[in-house]
Number of protein chains: 2
Amino acid sequence: MEGGRRAERERAIEAAAYEILAERGYGGTSMLLVAQRARASNETMYRWYGDKNGLFAAMVRRNAQAAGERLEAALGSSRGAGAILRDVAPVLLGLVLGERAVALNRAAAADPTGDLGRIIAEGGRRRIVPLIAELLRRERPDIDGEALAELFIALVIGDQQIRRIVGDLGPPDDAAIARRVAWALDAFARLSGIGGDRP
Amino acid sequence: MEGGRRAERERAIEAAAYEILAERGYGGTSMLLVAQRARASNETMYRWYGDKNGLFAAMVRRNAQAAGERLEAALGSSRGAGAILRDVAPVLLGLVLGERAVALNRAAAADPTGDLGRIIAEGGRRRIVPLIAELLRRERPDIDGEALAELFIALVIGDQQIRRIVGDLGPPDDAAIARRVAWALDAFARLSGIGGDRP
DNA sequence: CGAGAGCCGTATCATCGTGTACGGTTATTG
DNA sequence: CAATAACCGTACACGATGATACGGCTCTCG
């Protein structure tokens, strides 16, 4: 099988898994159901992914990769820290509250091995927060960059993820994201001196 | 069966469920396993709780009740807002990051019906945040009380819950809670003018 | 082209969980 | 005390799941 075709098949399998995950939760998602929906055979599923956790680990990795690249691109911009944060915050919030992240965090919460959670953390927060800290350290070398990054995360994300995952909060639309970001960045600017009214 | 004895049995059943939940996750926790560990019969479990979700709903309600009462007691104090927040914050943080809350949030994340999440939200955040908002409104009638309460939650709790639930963060000890609370209340005081250096 | 690898659709097996039922024991009530 | 309700321990039927296996088809490679 050609590499391109296998990649395509994997995408279809993972898309089917996301659908079933949304409908039935992690416990209700079986390899056989995913195989059937993706028109793959059970044997192929086990050959390619090893087991159910292997399938979800692959999905988590792929999602983290895509999200990480997107955030790194925004963080690597050559503009000022305030402008970068204005770009990064809505992207970050949209990603962590998006359907895929929510589905995968639910899977991780349900995974008794803890594997999925580790992969999520490695590819997510642990990858991105140090970059934010570095950016802030360059802007304000007199303040603890890590504490500033933690403040940024607390204000932008807060407890929205857990509320989203248990169903207390629905998916935010662009306007809601913009409002939260504006509020968070205003508070952040007042505390850190970074960003604020500058255009 | 006498009311007191049944309450006692229910406690034992729920304690057994928490143990198995911690060992095996929600999907790996069965009514039969809980029954065996609590020396209750399968028939009693189904008669008392209806089904597995019924058992967990009862546990969520009981935990929310206990936590809510504890926070309300701290919030109902006659001291000033700053002093109350200093009391409430570590209690709140200890509760939301404690083993029981984590276990139940994991169950809610794994529950495809969404029932557990609704019960958690009703008995938790939706009950407590308006009380915090009211307290802050009394202290600073010139500022939006709800926005202040959201700021308080963001700073004190942030994204620690989701990190706790996916296993990225272990249970915090008292010193870690105190550090987080001090940091959060300092930032809160600087933004709101409530609390801060006053003893 | 033929051989072999890979994959699909289906079948099989062992295990587990859900939920009900039953005989016997214990607790409660009149 | 006797009758009844409640509960325990065990059994049972059923369906679903995880994982393996197989025949046949399709694709790839030499």
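A residue is taken as buried if 20 or more other C-beta atoms lie within 10 Å of its own. By this criterion, Ile84(A), Leu85(A), Val88(A), Ala89(A), Leu92(A), Leu93(A) and Val96(A) are buried in helix α5(A). The structure examined here is a predicted model.

Helix α5 of chain A comprises the 16 residues 81-96. At 1.5 Å a residue, the helix should span 22 Å, and this agrees with its end C-alpha atoms, which are 21 Å apart. The elements that cover the buried residues of α5(A) include α4 (52-75), α6 (99-110), α8 (125-139), α9 (145-156), α10 (160-165) and α11 (174-192) of chain A.

The largest nonpolar core of the model contains 116 residues. Within this core, the residues with the most contacts are Phe152 and Val156 of chain A, together with Phe152 and Val156 of chain B. When neighbours within four places in sequence are left aside, the contacts of Phe152(B) are Leu85(B), Ile132(B) and Phe188(B).

The two protein chains were then compared.

Across the interface, 34 residues of chain B are in contact with 34 residues of chain A. On the chain B side, two or more residues each come from α6 (99-110), α7 (115-123), α9 (145-156), α10 (160-166) and α11 (174-192) of chain B. The most are given by α6(B), with 5 residues. The side of chain B that touches chain A consists of 17 nonpolar, 9 polar and 8 charged residues.

The surroundings of DNA strand D were also examined. With 4 residues, α3(B) gives the most to the surface near DNA strand D. By class, the residues of the surface near DNA strand D are 6 nonpolar, 7 polar and 10 charged.

Conventions
Residues numbered from 1 in each chain as written. Chains lettered and ligands numbered in written order. Predicted model: local features only at pLDDT ≥ 70, side-chain atom pairs only at ≥ 80, totals over all residues. Core = buried A, V, L, I, M, F, W, Y, C linked by C-beta atoms within 7 Å. Buried ≥ 20, exposed ≤ 12 C-beta atoms within 10 Å, placed from the backbone. Contact = placed C-beta atoms within 7 Å. Nonpolar A, V, L, I, M, F, W, Y, C, P; charged D, E, K, R; others polar. Expected span 1.5 Å × (residues − 1).
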